[in-house]
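Please keep the model open as you read.

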Amino acid sequence: MLDTLEKVINKISISSKDFVDIRYAYAMGESFTVRNGRFDSVSNQTTGGVAIRALIDNAWGFTTIVNIDEESILKSAEKAIRIAKIGSKFAKQDRMIKDDWVFEGKGGTKLEIDPREIDKETKFEKIAQTEKAAREFSDRIAETSSTYRESHSKEFIVNNKGTTVENENHVVRIMKNVVAREGTEMQSVFDSIGGAGGWELIQKWEPEKEGLKAAELGLKLLSARKPPSGLMNVIMDPSLTGVFVHEAFGHACEADAVIAKQSVLEGKIDNRVGVEEINVYDDPTLPSLRGSFDYDSEGTKARKRTLVEKGILKEYFHTLETASALNMEPNGSGRAMNFNFTPLARMGNTYVDSGDKSLEEIAELTKEGVYLKNSYGGYVMPAKGQFYFSCQLGYIIENGEITDMIGNVGMSGMTLEVFENTYAVGKKWEPEFLGTCGKQGQGIPVTAGGPDLGVSNIVIGGSQ
Amino acid sequence: MSTEINLHELAEKVIKLGLSLGADQVEAYTIYGAARNVQLERGSIRRFTDIANSGLGVRIIKDRAIGMASTTIFSLESIENTVKNAYSLAKVSPPDENFNSLPEDKRSTPDIDGCFDQNIIDLSVEDFTEMILEGVQEAQVRDDSIIGGSFTTGNGERFIINSQGIDRFSKQTSISGYLSVKLQDGDDIGNAYYFDSSEVLGNFDHLKVGKEAGKRALNMLGSQKIESATLPILLDPDSCMGTISPIISSGINAFNVFNRTAYFVDKIGDAIASEKLTITDDPFYPGGVDSSAFDDEGVIPQKLNLVKDGILTTYITDSYTAPLVGLENTGHASRGSFAARPKPSTYSLDINAGETAKDTLLEDLKEGILLIGSSITDMSGNPQISAQINQGFYVKDGEVQYPVKNAMIGTTVFEVLERIEDFSKEQQNRHGHKSPWMLLSPLQVSGGK
């Protein structure tokens, strides 16, 4: 395939200051869900096509095509150039991509056990046993489901600066979801494992144990205390620390948002954004996590990013365009969901690094407040720096002790205040938040995490 | 047929191949279209996009087991592989005893006006851009306004064919877009956006998109943290629709009812809300952005009264769920994408208006919160709601005082419906989605002060 793309790129005649890249992306996936004892969805998905970007005189043109013959791709490339030229008549900002960054290579997720070699019955069994164990636990368990997913994708990328890259990604995941119900009171429990890799990442999932664990927690939550409301001290567990560092802080570190003046971290490189104990990294080169990869969708080699060091902001997430615009180095953050989308500045595996406090020590420092656990996800308004996250459960902290369990609740705060208001950082960071990050309609696999984090002045949205 | 590929022939091939492999029933769902997008950054054009938007979804039933497969690649080889994949999955899947049959519906397809506009297809890139820049001009409420946004036109054709005789075709166009405006005075940030969409070019108000985004950003300057309190909430029509619609759609969806996760299980005929609430669902609203002559299984839907004076009157169903809840198929099957299995979902909700003027609702508010384009919803799917106030204002003695910062509302879906105190007589109509202003009696508000 690379040969075809190279032939097309060599036929394109544009000024050397302009930019064109061609990316062929193909993906195959399978997804199985069992719900309340029945196979609810058993499906196979294939997507494939070619994406062409042209940056001509400060404007982008982007086209996609599902035909992969040389002539069709060339025609589509010419169209991308043509619409970019129209855009350039209206463009007011300077845009270019430097000649300095050329990548050649081949990368891919390491597979110990290729999940495509595992028969479907074995996959069905994993989810069916998980779901059954949860369902049969109690008649107060209203709904139980378990899902298995795998996807295998390939990208071939060439550009007119000389980049030629081939990359493969393999992602697997197994999930469980339980809804416990008593009258109109409902509580949900969700958990999953998986990452970039093969069946070896799923093998450790013990279906019965996982099903029972979810059901037990669901029932406990039905009789949990109602969550409080108001401004308070909060301990965020590794999952919530992860969702904060991804959603609130990480998105504000994306250089396309910075350039668009839609980030509260604009102009803050080398400025203090948190207390000295805060160190934040994003590392797509960590093995086996959902956001692990070798090359991004622009063909840039991925590397570890140091976002915050000792409370000082050090780096943004860059595409080739944003690195050129801000005169910084690209760091392999240009990720695209599939051939029908352009690469955007995105995260991989983002985390707050470990500190030195045990959970008990953090609770003692907290005195009065809540300990929140297990994120459902959230959203953020990066321009305003305000975030909202939902969590599955928590505990009341009274007199420095973790006491009664509380049900699901939301929390809200200001991005720039959290790391400034951090009074304790836990001993061990965990990659607990496994997510699919959404941006401009594109969902990509990511992981986020951190240690337990003690933070003051968070708004909790309980009903009491 | 305007596309290079004959979708009908393709869909028929899928049915034939599926049956020849040994399938009991087969369904082919195909879409073929294109989307053009203009992306803005700091008030200027950043990118033009012209992409294919096509896909095939196949559902095969064998011995009551269901296998599904999908592809975006329309070559003969790919189509054949997709059918074979669906068949092999159906063969190895355990049977679903609740599955009866793919739907049959011999009624002819009704016509709905205003769902296709050639003007959208003929709109040149230059004219589209000029139009967007006019919107940007409206959004420029101050010289230092930071304006972003995205506008899209789309057109597509859809075929649904199954082995039980369903054979439907529709074509539609759409135009949609939003502008976001950010204003900054030191640490004080006013940030807002406005969105609109339509099936017809002439109904798309690009100037209003700009005007509203700019006006709302100005209004959001000077936000303050408030103390926690129990306060009445006044919701504008977008906030009202954004709050009520997900509660109803999820709460009366027969799939959720059967699985006991719906909010309103066994509640048909019971009061689920204040008697002020009456809602209908209209699939046939002319020019409605979510109108459709048939659902995503090819069944012709019905205009339904969902809630009448606070009493739940029905659930929404599709071919799979209707027998499970003992109701007729209401034709509400909906797929998130061509690759997904259909589940029931609403079309265009009409939340009935009240009799009080919206200005009176505000003037009579002694102390409360006014929500503009900010819904009371939660991500968990549970009845408990813990919602952030994205665009809210503190109101005292009938006057808006200032926007609130970092505040939340804690409640439940049941409480929201019970506490509907009044609706305005004015009703906003967003291309078929109709909603008035709504006043809720006091709810718990958590403040950041």
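The points below go through salt bridges and then a charged patch.

1. Ground rules. This is a predicted model, where local features need pLDDT of at least 70 and side-chain atom pairs count only at pLDDT 80 or more, while totals for chains, interfaces and linings use all residues. Residues are numbered from 1 along each chain as its sequence is written, chains are lettered from A and ligands numbered from 1 in the order in which they are written, and side-chain values use heavy atoms, leaving out hydrogens and water.

2. Overall count. Across all chains there are 59 salt bridges, each being a side-chain nitrogen of Lys or Arg within 4 Å of a carboxyl oxygen of Asp or Glu.

3. Between chains. E41(B) pairs with R95(A) in a salt bridge, with 3.2 Å between the closest N and O atoms. The pair runs from strand β1 (residues 25-41) of chain B to the loop between α2 (70-88) and β4 (104-108) of chain A; helices (H or I, at least four residues) and strands (E, at least two) are DSSP runs, numbered from the N terminus. E41(B) is buried at 7% relative accessible area; buried means under 20%, exposed over 50% and partly exposed in between (1.4 Å probe, protein chains only).

4. Within chain B. K434(B) and D350(B) form a salt bridge at 3.8 Å, N to O. These two residues lie 84 residues apart, in strands β21 and β14, and both are buried.

5. A network. Salt bridges link R35(A), D40(A), E143(A), R341(B) and K343(B).

6. One helix to look at. E138(B) sits in helix α4 (residues 125-139) of chain B and is partly exposed, at 31% relative accessibility.
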